[in-house]
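Please look over the notes below with the model open.

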Amino acid sequence: MAKNVAIIGAGMSGLISLKCCLDEGLQPTCFERTEDIGGLWRFKEEVEEGRASIYKSVITNTCKEMSCFSDFPMPDDFPNFLHNSKLLEYFRIFAQKFDLLKYIQFQTTVSNVKKHNDFSSTGKWDVIIERNGKEESATFDAVMVCSGHHILSNMPLDSFPGIERFKGQYFHSRQYKNPEGYEGKRILVIGSGNSASDIAVELCKKADQVFMSTRHGSWVRSRVSDHGYPWDMEFHTRFSTMLRNTLPPTIVKWMMETQMNRWFDHENYGLVPENKYLMKEPVLNDDLPSRILYGAITVKPTVKELTETSAIFEDGSLEDVDVIVFATGYQISFPFLDESIVKVEHNRGCVHYPQRAL
């Protein structure tokens, strides 16, 4: 008898997990709390509790050749970088092609995953779900968690003295949908990641002035690389990977810094990463440098303090601010898993592999 597998979430990870289980002769059941597939990449006009939320203009940071499933290329007429609606269309084509929808139970929330009473000998799991106001339980041989980590907003308000007296509007980037309604505003975006950069660039077209406060800085590069090719097709070649894996670390760091500064010198823009050799995920934004260059966006250091109507920065400068957008990331959370299975420490999930007889 085929082993049965519970899959939590019907986004990108959930869909490919479904197909892989079927390819291996397993019997999967996918639980999706909403009414449709797509997860993070399905845009909704309103923010929904317990579900990832994106702004309307989001496009992919990796090209279609690098983003597609390995056994299912994207259609030739798709652009290299996809708007969220186009990526969702690809997921629908994929789900239809492999007849995946029949394995998905929509509007079903997983409330708890725990070891079955004979787990030590069987390794089975009990999955408790809620559907139509009723609670149900089923037992599975394995569980795949595909629920993502862009749900629980990280709002470090304690790090912003004076936030309680700030009279303007402030919210997490998860709440942001489009730039309408921000005409003539002076907006402070906290953060320098992809969301912060996208939102700052989009808002500066409507706002009176946008400030972008960065604590650590970021490497910023264009989606368009040498000869007009997508950046990741140039960066992730076998040859360049071989060089990074074989050359001395000091040479690799120098090469990486040189490459990151080819488009523009980050020091001149106040964006040099605090640990520039860490080489974390770069920010992909084609417009940010030019918006900074002509003053629509002003890069600022860390906020030292907030007043009723302004922000005071660590360099001593003060700017009047109407709106603050906290693009400060997310907290990893698995509310349906006991800490004996997964414990989140320093915003990282630490898996405790349960022991059972083989």
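**Notes on helix α3 and the cores**

1. The face of α3 turned away from its buried side carries Gln96 and Lys97, both exposed. Exposed means over 50% relative accessible area, buried under 20%, and partly exposed in between (1.4 Å probe, protein chains only). Helices are DSSP runs (H or I, at least four residues), numbered from the N terminus.

2. This is a predicted model: local features need pLDDT of at least 70, side-chain atom pairs count only at pLDDT 80 or more, and totals for chains, interfaces and linings use all residues. Residues are numbered from 1 along each chain as its sequence is written, and side-chain values use heavy atoms, without hydrogens and water.

3. The buried residues of α3 are Asn84, Leu87, Leu88, Tyr90, Phe91, Phe94 and Ala95. They lie on the same side of α3 because they cover an arc of only 155 degrees around the axis, taken from the directions from the helix axis to the C-beta atoms. The buried residues pack against α1 (12-23); contact means heavy atoms within 4.5 Å.

4. Asp99 follows α3 and has a positive phi, near 55 degrees.

5. The largest nonpolar core has 56 residues; Tyr90, Phe91, Ile187, Val210, Leu271 and Ile297 touch the most other members. Helix α3 (residues 84-97) gives the most to this core, six residues. A nonpolar core is a set of buried Ala, Val, Leu, Ile, Met, Phe, Trp, Tyr and Cys residues joined through side-chain atoms within 4.5 Å.

6. A second, separate core has 14 residues, including Phe31, Val110, Trp125 and Phe140.

Methods. Helix = DSSP H or I, 4+ residues; strand = E, 2+ residues; numbered from the N terminus.
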